[in-house]
Amino acid sequence: MAEPKAHELVVSVSPHVRGKETVERIMWTVNLALLPAFIMSVYYFGPLAAYVTGLCILTSVLFEHFYQIALKKKSTIGDGSAFLTGLLLGLNLPPTVPFYIPVVGSLIAIVITKLLFGGLGYNVFNPALIGRAFLLISFPKLMTIWSEPTARFIGLDAKTTATPLGILKEEGLPQLLEVFGDKSDLYMSLLMGSRAGSLGETSVIALLIGAALLFYRGYITWHIPFSFLATVGVMAWAFGGEGLFAGDPLIHLLSGGLILGAFFMATDYVTCPSVRKGQVIFGIGCGAITMLIRLKGGFPEGVMFAILLMNCFAPIIDRSIKPDLFGAVRVKKEEKS
Amino acid sequence: MSKTATFERGIHPKYNKELASGKSITRAELPKRIVVPVSQHIGAPAQPEVNIGDEVKRGQIIGGTSGFVSSPVHASLSGKVIAISDFPTSVGKMVQSIVIENDGKDEAVSYKENPDYMKLSADDIKSMIKDAGIVGMGGAAFPTNVKLSPPKEKSIDTVIINGAECEPYLTADHRLMVERSGDIVEGLKLIMRSLGVSEGHIGIEVNKPDALEAMSSAVTGEPNIKIWPLEVKYPQGAEKMLIKAVTGREVPSKGLPMDVGAVVQNVGTALAVYEAVRYGKPLIERVVTITGNGIKEPANMMVRIGTLMADVIEQCGGLVEGAVKVISGGPMMGFAQWTLDVPVVKGTSGILVLAEDEFVSTDDYSACIRCGSCIDVCPMGLNPSILSIYSEKGFFEDAKDNNLFDCFECGSCAYVCPAKRPMVQFMRLAKSQVKP
């Protein structure tokens, strides 16, 4: 009998079989899920969109690689998470930004927000959003130049305009309707993405196609996106109109960075709670802060700050909201009696 | 089987049962020598009652009990004691063991038969079970007579026979249910009698339709025994999960099955109980599934306790070229072996040999990305993610405060973890550093 020598047998802890899911597979799938939104960004905003997003991805990956090489660590760029941060940052930028905006954004996102905190798994805040927040505060002018979604026809000299939420905030609903036609025209533009905004946030339909892939794979669940959207919808309906319960929830649901944020950024594993019940609280918090900023704040859009603020609460939510322990019900009853 | 019972959460690993599920139980050849550890069970080790040079017969007690939670061990063949010394065992510990050289005669001591076994008193049944050295044969190896002797204040109303066999690859219980269904039912009735319980259940995962059929026909005319088709899901065969599926009761956190009036026994244990009470036969052999792509001819074999794994594997054609891992038990909770010179003991349900194509290296793992997959599958409703982080960083008290000791190390969290973290290792590390 060919009996193996002791050193030929592998000895390791159970379980000895593992599922096929890996971090790489998850991250690259999320990247793939954002492809439709990326394609639509190029469709509406022209080659410049591909250049901005591409530069974000390239610099994110390079920053991660060289940081890790410099610290004599294993480069983790193969796991797809630096790529994803770059992609998300790019999709969150306006179409016409000078080249240093993506570079600075990637530096803040990858080096400061992710790697200095310990790398994937240890960061407190969503890297792409911190990158964007830094840029918005540091370069407020550059970060709020919105091209009309017609760049594919007229090249780089696209006319600038305001985002739907910007018009809503500054000039009100009648003016917004005047720009887009009637209400159904407005909804259709918001759904398809033919409106001004950050590169990847405008096409709701493309984002939902990607989100469907993530649901199908089980990478995200309803808890965060739906509690986020439901809160925004209810608050928009209740407080977004002339009187109480006279608002139009659909305008708020379909505009701004809400769909991109709710499905792709609030659901970032590392920076959201991991217990499902806690995720609902997280989603409601995101929705409430978003609407607070949209309706009462100084910015027309609040998704980014809402998610970042709730990122702060994720650890404490996870420590206080625990899963339902098997056999716990009985223990409680006994303690009471 | 329209509706199947189950518990919440759990995982669906690849089962690979077809390698051995169609193989009838064969008798393994008797080896040249056996190595019988005095401790094959939870509780106090047995004390050797023989000396080097003694001649022993099959069924003779060679190690006596040394406390209430303890179990005797028997010679599983006839021969001469040639050594009493520490030997490696399948759980990785060195254990005092009695080595017997086979004399080739296979002479047995005389067993006391009981044709009227259903008239025996509960105490008689329990003492026979104890003398026969019967322990839980699903893997945990808790002395069966102790489980059948709950404290007076705990009233037991339900006995469940565990035929879930939820570990991938293993088919020993499956074959027993197909081939020995009547005897298992008799064993269940004896267990019910020993506890004074009138309600019996047998839970079987629906991936064993022939076992369900055999057991169903074996209980016709037994109105008090019910067969439960169970959803195919790991760890369906864990005691608390099985009780939940069958009775709907949840064993309280940190509690025992008897806290909800239930006693669970494995099908192999039920058979051993029947053979011990009816024929006076001690637990000297058990069915072992020898399987995996690393083994030439997978089989289900009746193996004498103390037979070395190497001898069993040789009868299955040996290992294939490139066999990388030998596991005692199933792939989810079994123990990887460093040598094949370890004996089959009462709790050995399988010898699984993984070939390169089935092997997953677990050397590289990364930080927890807190995806929550482990939380979604943990049958105990724990947060394995946070427990593993606490353990990794040395916050063992925090792990304890997060119900660490409810973890029974089923490995579901590690199975689904995309970062390939050694979750079970983290749990064991933390458990070793704090008191429950």
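This is a predicted model: local features need pLDDT of at least 70, side-chain atom pairs count only at pLDDT 80 or more; totals for chains, interfaces and linings use all residues.
Met332(B) belongs to the loop of chain B that runs between strand E15 (323-328) and strand E16 (335-336). Glu392(B) is 60 residues away from Met332(B) along the chain, and the C-alpha atoms of the two are separated by 22 Å.

The contact between the chains involves 39 residues from chain A and 56 residues from chain B. On the side of chain A that touches chain B, two or more residues are given by each of helix H1 (23-33) and helix H17 (328-336) of chain A. The largest share of that side, four residues, is provided by H17(A). Its composition by class is 23 nonpolar, nine polar and seven charged residues.

Within chain B, two domains are assigned, domain 1 (113-279) and domain 2 (373-433). The C-alpha centres of these domains of chain B are 30 Å apart. Contact between them is made by six residues of domain 1 of chain B and seven residues of domain 2 of chain B. On the side of domain 1 of chain B that touches domain 2 of chain B, four residues are nonpolar, one is polar and one is charged.

Note on methods. Residues are numbered from 1 along each chain as its sequence is written. Chains are lettered from A and ligands numbered from 1 in the order in which they are written. Two residues are in contact if their C-beta atoms, placed from the backbone, lie within 7 Å. Ala, Val, Leu, Ile, Met, Phe, Trp, Tyr, Cys and Pro count as nonpolar, Asp, Glu, Lys and Arg as charged, and the others, Gly among them, as polar. Domain bounds come from an automatic or database domain assignment.
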